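Please walk through this structure with me, one feature at a time. I would like the general idea first and the case at hand second.

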Amino acid sequence: MSRLLQELPVEKATIAEKVKLYNDCNRKVAILCNHKRTVGAGHQAQMEKLGDRIKGLKYQQWRTKMMILDVDPKQKKKLGVDFFKLDEELDNEWIEEHLNFLYEEQRTKITKKFEKDNEKLIAEGSKKLPEKELKERLKAASELLTKLKKEHKTKKVEAEGRGPTVEKLLEGAKKIEERAKNLELQAQDRDGNKEVALGTSKLNYIDPRLTVVFSRKFDVPIEKFFSKTMREKFNWAIQSVDDDTWEF
């Protein structure tokens, strides 16, 4: 493990990338020690759900980029046509399913808010809101679906938010891209761990001080590697490591 950590190209990596690199090393140790496990029954469903979350972020990023053109159409020439292309993974079938998901999600939020408002009114001794009030509120979900379908058909998205500018929207698109990349790293990690028990090697085979040094040297929170129980178990290692005297 020490040799593997020494060879990692982590200097310019993000925290998510550093965690992934560390787990890759841990996985090699676990495989070497034959720490195998049976693939969980829900693994495939979890991966599909994670994949949909990643696609959802990519769709959100596309919408944000299209808002840039609504604010300033000249950006298409400045940033290039490819910048505004929809990700190839997002085919029409998936987009239609996603739009319906967003519609149902909005309906659920509105309904829960309505129920919460009624609970508050009852607690205050007031009269409940009528069902027609809920129907009126739910119109917002239908309007959202109509809007999203129109966007998909016309490939035009009206800029949203307070005082939208090209700079704000570019920054927003960048942040969404980072979130999507982090989720992709998590997905790769989770799929790589489906038949390997990383916890066993961390608990019983890898010197915990190696993990602590990695955490401190590359500014990654120790919580990314050790659960609360493991932090309590390895508190001696966390307290004993000195960045200046302890190396991989």
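Q: What should I know before reading any values?
A: This is a predicted model, in which local features need pLDDT of at least 70 and side-chain atom pairs count only at pLDDT 80 or more, while totals for chains, interfaces and linings use all residues. Residues are numbered from 1 along each chain as its sequence is written, and side-chain values use heavy atoms, with hydrogens and water left out.

Q: How many helices and strands are there in the protein?
A: Helices (H or I, at least four residues) and strands (E, at least two) are DSSP runs, numbered from the N terminus. The protein has 11 helices and 0 strands. Its pattern along the sequence reads α-α-α-α-α-α-α-α-α-α-α.

Q: What does the radius of gyration of the protein come to, and what would a compact globule have?
A: The radius is taken over C-alpha atoms, and the globule rule is 2.2 Å times the number of residues to the power 0.38. For 248 residues, a compact globule would come near 18 Å, but the protein has 24 Å. The C-alpha trace spans about 65 × 60 × 35 Å along the principal axes.

Q: How many of the residues count as buried?
A: A residue is buried under 20% relative accessible area, exposed over 50%, and partly exposed in between (1.4 Å probe, protein chains only). Here 36% of the 248 residues count as buried. Accessible areas come from the Shrake-Rupley method with a 1.4 Å probe, and for residues only the protein chains shown count as cover. The protein exposes about 16,400 Å², of which carbon and sulfur atoms supply 49%.

Q: What do the contacts say about residues at least 24 apart in sequence?
A: Contact means heavy atoms within 4.5 Å. Among contacts between residues at least 6 apart in sequence, 77% join residues at least 24 apart.

Q: Where do the mean positions of the positive and negative charges lie relative to each other?
A: Lys and Arg count as positive and Asp and Glu as negative, with His and the chain ends not counted. Each charge is placed at NZ of Lys, CZ of Arg, CG of Asp or CD of Glu. The protein has 53 positive and 45 negative charges, and their mean positions are 2 Å apart.

Q: What span should helix 5 have, and what span does it have?
A: The expected span of a helix is 1.5 Å times one less than its number of residues. Helix 5 (residues 92-123) has 32 residues and should span 46 Å; its end C-alpha atoms are 47 Å apart, which agrees.

Q: Which helices do the buried residues of helix 5 pack against?
A: They pack against helix 3 (43-71) and helix 6 (131-154). Among the buried residues of helix 5 are W94, H98, Y103 and F114. K116 also lies in helix 5, but K116 is exposed, with a relative accessible area of 58%. The C-alpha atoms of K116 and Y22 are separated by 44 Å, and these residues are 94 places apart along the chain. After helix 5 comes G125, whose phi is positive, near 80°.

Q: Why is helix 9 described as largely enclosed?
A: Because 7 of its 10 residues are buried, helix 9 is largely enclosed by the rest of the structure. The buried ones are P208, L210, T211, V212, V213, F214 and S215.

Q: What does T211 touch?
A: Not counting residues up to four places away in sequence, T211 touches Y22, I206, I222, F225 and F226. T211 has 2% relative accessibility, so it counts as buried.

Q: Which residue just after helix 9 takes a positive phi?
A: D219 does, at about 55°, and D219 is a residue other than glycine. It lies in the loop between helix 9 and helix 10 (228-233). At 62% relative accessibility, D219 counts as exposed.

Q: What is the phi of K155?
A: K155 has a positive phi of about 60° although it is not a glycine. K155 lies in the loop between helix 6 and helix 7 (166-192) and is partly exposed at 37% relative accessibility.

Q: Is H43 buried or exposed?
A: H43 counts as buried, at 10% relative accessibility. H43 lies in helix 3. Leaving aside neighbours within four places in sequence, H43 is in contact with R190, D191 and K194.
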